[in-house]
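Thanks for coming. I have one structure to go through, and I will keep it brief.

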Amino acid sequence: MSGLIALLDDVAALARVTAASVDDIGAAAGRASMKAAGVVVDDTAVTPQYVQDVSPARELPIIWRITKGSFRNKLIFILPVILLLSQFAPWLLTPILMLGGSYLCFEGAEKIWAKLSGHGAETKTPVVEKGKSAEDTMVGGAVRTDLILSAEIMVISLNEVAGEPLLSRAAILVVVAVGITVLVYGVVALIIRMDDLGLHLAERPSPTAQKIGHGLVKGMPGLLTVISVVGTAAMLWVGGHIILVGLDELGWHAPYEAVHHVETLVHDAVPGGLGAALAWLTNTFFSAVLGLAWGAVLVLIWELLPFGKGEHEAEHAAHGAHEAQDEHHGKHSAAASPAGPPAADADGEGGSAGPDPSGPTPPADGGSSAAR
């Protein structure tokens, strides 16, 4: 009997240790995910462009194909490589992080430059390709873009748990990879179907449902704009912070010490939680400023390179898809106007009974714009 009790005690102790380990992994995964928030927001902002002008019946299948590609990127290609690096060449993590941070700064600064200079304005509506081969090409481009962003997410997350044992690191990164992928592409799926939900509610007899439906449809372009702006700001903040910390770790301490000094002054000047929040905002502000400056230099260098201009224009041909998506959902907004509930057309979209010659007509065979 005593042996059985001792065995049960051992099992209970093992269960407590296991539960504590799971809690530790979950907490570490949460911390690591927060550090990758800027890349996550950018990933969420970029992905909807790949279903621009796609038949509604193909939107979710395309997002699912990209989601599976993202899982492969993170779990099969990226995770083993960065675990090996962290185990046998950890000194490479800071330079790799800084390269990724430079990419984020470049992307953020390039978007701002494009907005200020008007680059890509003439390509507001992307070319519509038709057929399965075009869809395959578009999905391939989306998965390649995801590979870059996923690599950043995983390396940033790894840097936060670099002191953990190898198996714990692997478990934490698997949790981060699965959780972030589900979050990003789940949110993207909700975003791209938000207007359809609005149209469905607008057709219901309830005035409240109709009001909510009209609000969802009309708010779609504004939501996409907010996501784009937040994504750009997040890239500059996260990228700048990576550069700031990386420079300090590589031996140039002055920028980090200056920002930390101002952050400490703000924290000490305001008591309580407000001081901590303002100190965090101070660090975020200076990180974003550094990210913008760093990115601006990279954009200038890229523009001066002989092949940079052509690539720049090609990129903004794809970025123009975001503006075209606003127009696409503007069509839904007109269809869901309070003048009356829209009738469903042949392909399942809300609209008038006859074609509108003044508005864009989505391709019936699931064509898609060119992916960036």
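Predicted model: local features only at pLDDT ≥ 70, side-chain atom pairs only at ≥ 80, totals over all residues.

Tyr103 is found in helix α4, which covers residues 93–117. The relative accessible area of Tyr103 is 22%. Buried would require under 20%, so Tyr103 counts as partly exposed. There is also a partner to point out from elsewhere in the sequence. Glu152 is 49 residues away along the chain, and its C-alpha atom is separated from that of Tyr103 by 9.3 Å.

Next, the nonpolar cores. The largest one has 19 residues. Within this core, the residues that touch the most other members are Val51, Ile62, Ile63, Ile66, Ile180 and Val184. At least two residues each come from α3 (56–88), α5 (132–160) and α6 (166–202). The biggest contributor is α6, with seven residues.

Last, a helix pair. How do α8 and α9 cross? Helix α8 spans residues 254–269 and helix α9 spans residues 272–304; their axes come within 8 Å, at a crossing angle of roughly 155 degrees. Roughly antiparallel applies to angles over 145 degrees, which means α8 is roughly antiparallel to α9. The crossing of the two is right-handed.

On the α8 side, the contact involves Val259, Val262, Glu263, Val266 and His267. Facing them from α9 are Gly275, Ala276, Leu278, Ala279, Thr282, Asn283 and Phe286. Sorted by class, this contact has seven nonpolar residues, four polar and one charged.

That is what I had; questions are welcome.

Methods: Residues numbered from 1 in each chain as written. Heavy atoms only, no water. Core = buried A, V, L, I, M, F, W, Y, C linked by side-chain atoms within 4.5 Å. Buried < 20%, exposed > 50% of the residue type's maximum accessible area, 1.4 Å probe, protein only. Helix = DSSP H or I, 4+ residues; strand = E, 2+ residues; numbered from the N terminus. Axes fitted to C-alpha atoms, helices over the stretch in contact; angles between N-to-C directions. Parallel < 35°, antiparallel > 145°, perpendicular 65-115°, else oblique. Left-handed = near helix turned anticlockwise from the far one by under 90°. Contact = heavy atoms within 4.5 Å. Nonpolar A, V, L, I, M, F, W, Y, C, P; charged D, E, K, R; others polar.
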